[in-house]
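Keep it short and grouped by topic.

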Amino acid sequence: MHEAGITRTIIDTAVEAVEEEGGTRINQIDVTVGELTDFVDDALQFAFEAMKADTIASDAVLVISRLPARSRCVMPECTTEFEHGRFDIECPKCGNPFNELVQGRELRIDRIDFD
Ligand SMILES: [Zn+2]
């Protein structure tokens with residue numbers, strides 16, 4: 001379960017950032033997860049619940065936002081930007097299957113609420 005590794009990174013990063021700011025308690029961590037990552041929300045939440053104990057995030061809530069996949073058509077006369085599913089990446093305008101991914105693989109911390 002590789003959600004465990006990324007969740008550990010999220011908690012460690014948040015704890016470090018908040019302690020640097022002089023915080024002692026994390027209330028909420030907002031993260032954005034791209035649709036093309038393999039991370040499953042339930043698995044992230046499960047790992048978060050298990051790992052937050054004994055840290056300053058022990059009472060924190062993890063809020064996950066999903067970001068749809070977006071690509072840009074590489075045909076110079078087209079360059080349409082469009083949202084798509086994991087396996088459905090043809091340009092909807094010209095049918096070209098070769099596109100440049102512009103969004104969908106990210107995993108980032110957007111906001112940390114702390115005291
Ligand atoms: Zn196109």
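Predicted model: local features only at pLDDT ≥ 70, side-chain atom pairs only at ≥ 80, totals over all residues.

Residues are numbered from 1 along each chain as its sequence is written, and side-chain values use heavy atoms, with hydrogens and water left out. Helices (H or I, at least four residues) and strands (E, at least two) are DSSP runs, numbered from the N terminus.

**Helix H1**

- H1 covers residues 3-20, which makes 18 residues.
- From first C-alpha to last, H1 reaches 26 Å, close to the 26 Å expected at 1.5 Å a residue. The expected span is 1.5 Å times one less than the number of residues.
- Glu3, Thr7, Ile10, Ile11, Ala14, Val15 and Val18 are buried in H1. Buried means under 20% relative accessible area, exposed over 50%, and partly exposed in between (1.4 Å probe, protein chains only).
- The arc is that of the directions from the helix axis to the C-beta atoms.
- An α-helix has 3.6 residues a turn, so residues three or four places apart point the same way.
- Glu16 and Glu20 are exposed, on the face of H1 turned away from its buried side.
- Cover for the buried residues of H1 includes strand E1 (26-34), helix H2 (41-52) and strand E6 (107-114).
- Glycine 22 follows H1 and has a positive phi, near 85 degrees.

**Helix H2**

- H2 has twelve residues and reaches 16 Å from its first C-alpha to its last, close to the expected 16 Å.
- Its buried residues are Ala43, Leu44, Ala47, Phe48, Met51 and Lys52.
- They share the same side of H2, because their arc around the axis is only 145 degrees.
- Asp42, Phe46 and Ala50 are exposed on the other side of H2.
- H1, E1 and E2 are what the buried residues of H2 pack against.
- Aspartate 54 follows H2, with a positive phi near 65 degrees.

**Nonpolar core**

- The largest nonpolar core has 17 residues, and Ile26, Ile29, Val31 and Leu62 touch the most other members. Such a core is a set of buried Ala, Val, Leu, Ile, Met, Phe, Trp, Tyr and Cys residues joined through side-chain atoms within 4.5 Å.
- H1, E1, H2 and strand E2 (61-67) each give two or more residues to this core.
- H1 supplies the largest share, five residues.
- Beyond its neighbours within four places in sequence, leucine 62 is in contact with Ile29, Val31, Leu44, Gln45 and Phe48. Contact means heavy atoms within 4.5 Å.

**Zinc site**

- Cys73, Cys78, Cys91 and Cys94 are the protein donors of the zinc ion, each through SG, lying 2.3 Å from it. Donors are N, O and S atoms within 2.8 Å of the metal (3.2 Å for Na, K and Ca); water is not among the atoms, so sites may look incomplete.
- Along the chain, the donors follow the spacing C-x4-C-x12-C-x2-C.
- Cysteine 91 is buried, at 3% relative accessible area, whereas cysteine 94 is partly exposed, at 41%.

**Valine 40**

- Valine 40 sits in the loop between E1 and H2.
- Its relative accessible area is 46%, so valine 40 is partly exposed.
- Valine 40 touches Glu3 and Arg66, not counting residues up to four places away in sequence.
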